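Visitor: I'm new here. Could you take me for a close look at the pocket?

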Amino acid sequence: MNPLLELGERPVIAHRGASGLAPENTMAAFALAIEQGADAIELDVRLTADRVPVVLHDATLDRTTGARGEARSCSFAELTKLDAGARFSSDGRSFPYRERSIRIPALQEVLEAFPEVPLLIEIKEVPAQQPVRQVVLDMKAAERCVFASENHAALELFRNPPFTVAASGAEIGALYRGALLRRVPHAVAYRTLSVPLRYRGLRVPTPRFLAAARRLGCPVHVWTVNDARTAQRLWAVGAAGIVTNFPDQIRAARRISTG
C-alpha cells in the first residue's frame, strides 16, 4: 500500500526531507525525516549536463550550495564536489552542516538508500522525464513513487502504468474552478493532488475543493505546513497528507488529532 494514494490515510510527508533541521534535498535531510517517522518524502529532480537526474529544487546552485551558476551546466561529477550544506542555517547565524561532505545526491542514490520509502517526486523540467523514468524502472521503484509537476508536459511519460501521477498545476486549477462552480468532472487522469496552502492569496484546500477531490477518489496533500494547528484543521476538513519541513512536529499533531 502506498499511503500517498489512500483516501483513509493521513501521511506526514517530509518536504525535501526534514528540511527545517537539515539541508534540503540531501541524504542527511532524508535520513533525519525517516528517523523522525515521516511516512513519505517529497523531493525535486533536475538534470545535470550529462543527463543524470539529481535531487535539487532550484535551477541554480546559489541558494543551497557554496557555488553559483546553473545546475544543468555542470556534470554530475562536478556537482558532487559542491558543498550542499554550505548555506543551511536554522538560526541565521550558525552553519552546522558546512564542510561536512553534504552533497547533491543522484535520484538513484536516494532510491537505493531508502528502498521502502514512498516518494513524491516533483519533476522540475520537461527534459528530465525520460532519464527519471529509466532510473525508476531500473530500480523497480515505480509502485512507491508518485510523480508531480507544475508543468503538465513534464508528466507525459508517467501517465501510464506502472507509473502514477499527481495533478499538474493546470489540473489543480481546473478542479479548483470546478469545485467553486459546482462543476466537478466525473473522472480525472491523476490519482492524487499535491497543492499549496495558498496560491496568490487564495486558500487552495477549501472544504469544497477537498470534498470534490474525495468524490474523485483523490487524496489531497497540502504543502508546506509547519504549524501543528493548521495541520489539524486541514485534517478535520478532509485533507490527507501534510507536506512539512518538520515531520516530528506534524506527527505529534496527528497523534493528538486522532486521539
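Guide: Let's start with the word itself: on a 1 Å grid over the protein atoms alone, a pocket is an open set of points where a 1.4 Å probe fits, with protein on both sides within 12 Å along at least five of seven lines, and lining residues have an atom within 4 Å of a point. Volume here is the space filled by probe spheres set on the points, which are joined across faces, edges and corners. This is a predicted model, where local features need pLDDT of at least 70, side-chain atom pairs count only at pLDDT 80 or more, and totals for linings, chains and interfaces use all residues. Residues are numbered from 1 along each chain as its sequence is written, and side-chain values use heavy atoms, leaving out hydrogens and water.

Now for the spot itself. The largest pocket has a volume of about 620 Å³. Its lining is made of 24 residues, and E150, I172, S194, P196 and W223 lie nearest the centre. Two or more lining residues come from each of β2 (40–47), β4 (119–123), α5 (169–180) and β6 (193–196); helices (H or I, at least four residues) and strands (E, at least two) are DSSP runs, numbered from the N terminus. The top contributor is α5, with five residues.

Look along β4 and you'll find E122. A polar atom of the E122 side chain sits 3.3 Å from the backbone nitrogen of E150, so that's a polar contact (a pair of N or O atoms within 3.5 Å; within protein, one must be able to donate a hydrogen and the other to accept it, and residues adjacent in sequence count only if both atoms are side-chain atoms).
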